[in-house]
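Let's walk through this protein together, one question at a time. Have a look at the sequence and the fold before we start.

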Amino acid sequence: VQLVESGGGLVQAGGSLSLSCEASGSTFDINTMGWYRQDPGKQRELVALIRRGGQTNYADSVKGRFTIARDNAKNTAYLQMNSLKAEDTSVYYCVVVNFNVEYWGKGTLVTVSS
């Protein structure tokens, strides 16, 4: 399974950005898709996950501001990030669970300037 992340970049606090993650290859049993983020020297933390049936999980810190969605036909997940804060600055990693195996993207940097 290969993951291609897009989106991210630099935005001012209060602004919006969107991320997308497309999975390709042997993607016959993708269940969970989503994003984690990681700052230097810190553990990777959950941002949002979405399951095949549409069930979602969000970190408390992003609830009400971020929205995750997916297009199962395109094996693509989307993360809409609104009302961004400086503390949202991080490297965001896409994760996909296929046949109970986790696959990770290379990460995309999101920088929120205050």
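In the protein, residues 24 or more positions apart account for 52% of the contacts with a separation of 6 or more, a contact being heavy atoms within 4.5 Å. This is a predicted model, where local features need pLDDT of at least 70, side-chain atom pairs count only at pLDDT 80 or more, and totals for chains, interfaces and linings use all residues. Residues are numbered from 1 along each chain as its sequence is written, and side-chain values use heavy atoms, with hydrogens and water left out.

Q: In which strand is the place of Tyr58?
A: Strands here are DSSP runs (E, at least two residues), numbered from the N terminus. Tyr58 lies within residues 56–58, which form strand β6.

Q: Why does Tyr58 count as partly exposed?
A: Buried means under 20% relative accessible area, exposed over 50%, and partly exposed in between (1.4 Å probe, protein chains only). Tyr58 counts as partly exposed because its relative accessibility is 21%.

Q: Which backbone nitrogen does the side chain of Tyr58 reach?
A: Not counting residues up to four places away in sequence, Tyr58 touches several residues, including Val47, Phe66 and Ile68. At 2.8 Å, its side chain reaches the backbone nitrogen of Ile68.

Q: How far apart in space are Tyr58 and Val47, C-alpha to C-alpha?
A: Along the sequence, Tyr58 and Val47 are eleven residues apart. In space, their C-alpha to C-alpha separation is 5.8 Å.

Notes. Helix = DSSP H or I, 4+ residues; strand = E, 2+ residues; numbered from the N terminus. Polar contact = N/O pair within 3.5 Å; in protein donor to acceptor, adjacent residues only side chain to side chain.
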